[in-house]
Every structure is written in structure tokens, then in C-alpha cells.
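Visitor: I've got a structure here and would like a walk through its pockets and rings. Could you take a look with me?

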Amino acid sequence: MSYQEYQQLLTQRKYLEAARFAEKQVEEQAGADRDSGEFWLTQQARALNRAGEYAAALVAGRRALNLAPENAFAVAATADALFGLQRREEALGHYLELLRSPRLLQQGRKGVLECLSGLKRWDEILECLSGWNLPEEQSLPWRVKALSALGRSEEALESCRRWLELQPHYPPALWEASELEVRLNGLEAAVEKAGRLARIPSLPQVYREIYASLCRRAGRHEEAVKAYETIGAQGEQSRIQKKKAFTLAKSGREGEALPLLEELLKNEPADKYLHSSYAAACRRIGDLERAINFYNKLLTLHPEQRSLYGRIKGLMRKLEEQG
């Protein structure tokens, strides 16, 4: 029953509770059963990794490895902790060990590729892909990323097109392809092509989002706003509305941007990008009082957001400097 209770906590995303549960099992069975000790230390490390407590996870993972150096699951938990701490070279060594474990081969390969990517060892990624003979759906995203980073843009775009043959309209592949087309053909040509695709009603909204993004980059803010307005009603409202608000603010339409930013902040009061855009827009139009009043109202809605006190204090200081 103990493991079932632990798994239930993980399923409920109560990761710290799961870690404490595992730690209790370790303490209760200390010295009685080495196999049980390595098992629960590994589970503790797994739960701590999911909670983002990588330093503590590393301690638990290494304790498990001290008891059982060949335990592949303990190796995996330790590798994940090292990766979370951005100690990619050390993590890579552990993930390479997993390549010998049939049960954890897929996790090992993914970890190796992520570490090599973080270390910018693109040629090694291509060597791995060549040697592992992965299904194209798995290998193509990594191949595109590596070729693009190496400046082999035409090959990367060719791989991207193959990726889209296998997964039509797949957003990550479309975004990669648009970036490569900008690099190969120039921004204006990419905008024109994206615009043609965005006007096809039967295509998914991602085409209009790509067009809007390229318009922003090209300084065509009016077109970008119009494109965002065509996709806001189809889902992912918050993300699209953010992009629309940022575009309005940057294009000198702060009067339209500010109400939109305020509504977004009411729902996401901890979003630092929204705060940055909002404060900058208020400064540009010289209306710091509006920001101060809004933040005071926001505090009544979200009293747990203590950082708002600092924002209000900073704005009041700037207002005093102006006056």
C-alpha cells in the first residue's frame, strides 16, 4: 500500500508531500533492508525533481546510488537533478549510462539530446540521430534544431518540410519553418508568404499567429493587431491577448493597450512581462498616477502579491521626482 499512496500523491501533483512520504519510508526502514532504502531514496529524488527541488533531489539520488550504483532508476533521478541544476556535463554522463538500460533507453536518449543541446554540441546531436535510427517523428525536431544552429539553413528547412509532411500544420514545425524562411529569403518575403497563408480560412489559427508575429518584427504593427484580432476568439485567449496588448503598446497605441493589460494583470498578477509592458506604457504617456491607482486596486484583488507594494513604492518615487 505504501507505494500506491506515494503514486497517488504524485498523481495529485503533491510532490513535496510525496517526497516527505518517501523520506519517512527511508527512515522507518533504515538498516533493515538495503533494497528498500535505495528504492525509497530513488522515489524521494523523483518527487523532489518534479517539485523543482533539484539540490535536495541530487542528495537523495546520490544516497540511492551509494547503496546501489547499478540501479538505473537512481541513475535517472540523479541525472534529472543534475540537469535541473544546469550541470549538464555531469548529467550527460548519467544519461549515457541509461543507454544500457532497455527500460530507460528512451529517457536516456532524450536526456542526452537535451544535454548536448544545452552544451551547444550540435554535431554530436546529429551523430546520435544518425546512430540511433529513431522514428522520424522523434528525430526531425532535433535534426532541425541542430542544423539550424549550425547555420545549415537549407538542410534544416528541408527537414522541417518533411516534419510537416508527417505532422501537417504542427505548430512547432511551422514556427521553425517560418524562422528559417526569414533567414533564407528575408523578413519581407516571409511576411508576404505568411500573409497569403493567413488569409486561407480553412487553415488553423497558428498561421495567422505566425503572420502577426512576423508583422510585429517588420514594424507593421497595424497589420499585426488586425491579425491578432482574427484569432482571439478561437482559443488560447490569454496568450493571444498578451501579444495584441504588447503590439498596441509598442506601436504608440497605449490608450488601447492599457485597459487590455490591466484586465490581463487581474488574471495573472505575477506575470513580470505584463508588469513591464504596463509600467513602460504608463511612463511613456506620463500617467504614473493611473498605474499607482490600478496597483492599489490589484492589491485588494490579490493581497498575496506582496511584490505589488514594491511596484507602488517605485512608481510613487518616480512621480515625486517628476513633480
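Visitor: Which helix gives the most to the lining of the largest pocket?

Guide: Keep in mind that this is a predicted model. Helix 3, helix 5 (72-84) and helix 7 (105-118) each bring at least two residues to that lining. The top contributor, with six residues, is helix 3.

Visitor: And which residues are closest to the centre of the largest pocket?

Guide: There's about 490 Å³ of space in there, and 19 residues line it. By class, the lining has eight nonpolar, six polar and five charged residues. Closest to the centre are Arg46, Ala76, Ala77, Asp80 and Gln107.

Visitor: How many nonpolar residues does the lining of the second largest pocket have?

Guide: That pocket has a volume of about 260 Å³ and 14 lining residues. Besides one polar and three charged residues, the nonpolar ones number ten.

Visitor: Now the rings. Phe21 and Trp40 form an aromatic pair, but of what kind?

Guide: The pair links helix 2 (residues 15-28) with helix 3 (residues 34-50), across 19 residues of chain. The centres are 5.9 Å apart and the planes make 65°.

Visitor: Is Trp40 buried or exposed?

Guide: The cut-off for buried is under 20% relative accessible area. Phe21, at 16%, is buried. Trp40 has 5% relative accessibility, so Trp40 is buried.

Methods:
Residues are numbered from 1 along each chain as its sequence is written. This is a predicted model: local features need pLDDT of at least 70, side-chain atom pairs count only at pLDDT 80 or more; totals for chains, interfaces and linings use all residues. Side-chain values use heavy atoms; hydrogens and water are left out. Rings of Phe, Tyr and Trp (its six-membered ring) pair if their centres lie within 6.5 Å; planes under 30 degrees apart count as stacked, over 60 as edge-to-face and the rest as tilted. Helices (H or I, at least four residues) and strands (E, at least two) are DSSP runs, numbered from the N terminus. Buried means under 20% relative accessible area, exposed over 50%, partly exposed in between (1.4 Å probe, protein chains only). On a 1 Å grid over the protein atoms alone, a cavity is a set of points where a 1.4 Å probe fits but cannot get out, and a pocket is an open set with protein on both sides within 12 Å along at least five of seven lines; lining residues have an atom within 4 Å of a point. Grid points are joined across faces, edges and corners, and a volume is the space filled by probe spheres set on the points. Ala, Val, Leu, Ile, Met, Phe, Trp, Tyr, Cys and Pro count as nonpolar, Asp, Glu, Lys and Arg as charged, and the others, Gly among them, as polar.
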